[in-house]
Amino acid sequence: MQMPRRQFLLSAGLAAAALTLPATARAASLSPTRSMRGGANNYRPGAPLVERLGSGFTVHGKVLRAADGAPLKGRRIQIWAATTLGGEREPRNHGSVLTRADGSFALEMEQIVPNFGQPHAHLAYDGGEFETVFLRPVMPSPRDTSVRADFVLA
């Protein structure tokens, strides 16, 4: 079942609020991120690690462990989207990044364009240590130049 946009924004806001809490407060308030319907569309297992996929748009977020709220370093996050270079199947629009010591990640890419009427990105965690999660955040406007998607893994 696809998460309605309002529910996604609420979940993203709650996750962002939880990410700003001290670690001891976070541990009791984090619930695992659930995969979103349509998030796995055009997923490519083993997409290469990249420094960037272009410029003008940034996908960023943070990855935490549900059990204790600890940031997860070195976790691979795959990111892809339809951009000015082409659709979601375009190889130049696929890449993976590793999370930093604070669990954060970011990838700069070409401007995301609407696909099926919605500007959106796809992100995946599929490292095997935790449950696989696919996200599909939708931006309010095709003129937005960034999107944030956070993962809480269990």
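Residues are numbered from 1 along each chain as its sequence is written. Because the model is predicted, local features need pLDDT of at least 70 and side-chain atom pairs count only at pLDDT 80 or more, while totals for chains, interfaces and linings use all residues, and side-chain values use heavy atoms, with hydrogens and water left out.

I begin with the core. A nonpolar core is a set of buried Ala, Val, Leu, Ile, Met, Phe, Trp, Tyr and Cys residues joined through side-chain atoms within 4.5 Å; buried means under 20% relative accessible area, exposed over 50%, and partly exposed in between (1.4 Å probe, protein chains only). The largest such core has 25 residues, and Ile77 and Phe105 are among those with the most contacts inside it. Elements giving two or more residues to this core include strand E2 (76–81) and strand E4 (104–109); strands are DSSP runs of at least two residues (E), helices of at least four (H or I), numbered from the N terminus.

Next, consider Asn42, in the loop between helix H2 (23–27) and strand E1 (57–65). The Asn42 side chain makes a polar contact with that of Glu88 at 3.0 Å.

Finally, the structure holds five salt bridges, each a side-chain nitrogen of Lys or Arg within 4 Å of a carboxyl oxygen of Asp or Glu. One of them joins Arg52 and Glu108 (2.9 Å, N to O), residues 56 apart in the chain. Arg52 is partly exposed at 46%, and Glu108 is partly exposed at 30%.

Methods. Polar contact = N/O pair within 3.5 Å; in protein donor to acceptor, adjacent residues only side chain to side chain.
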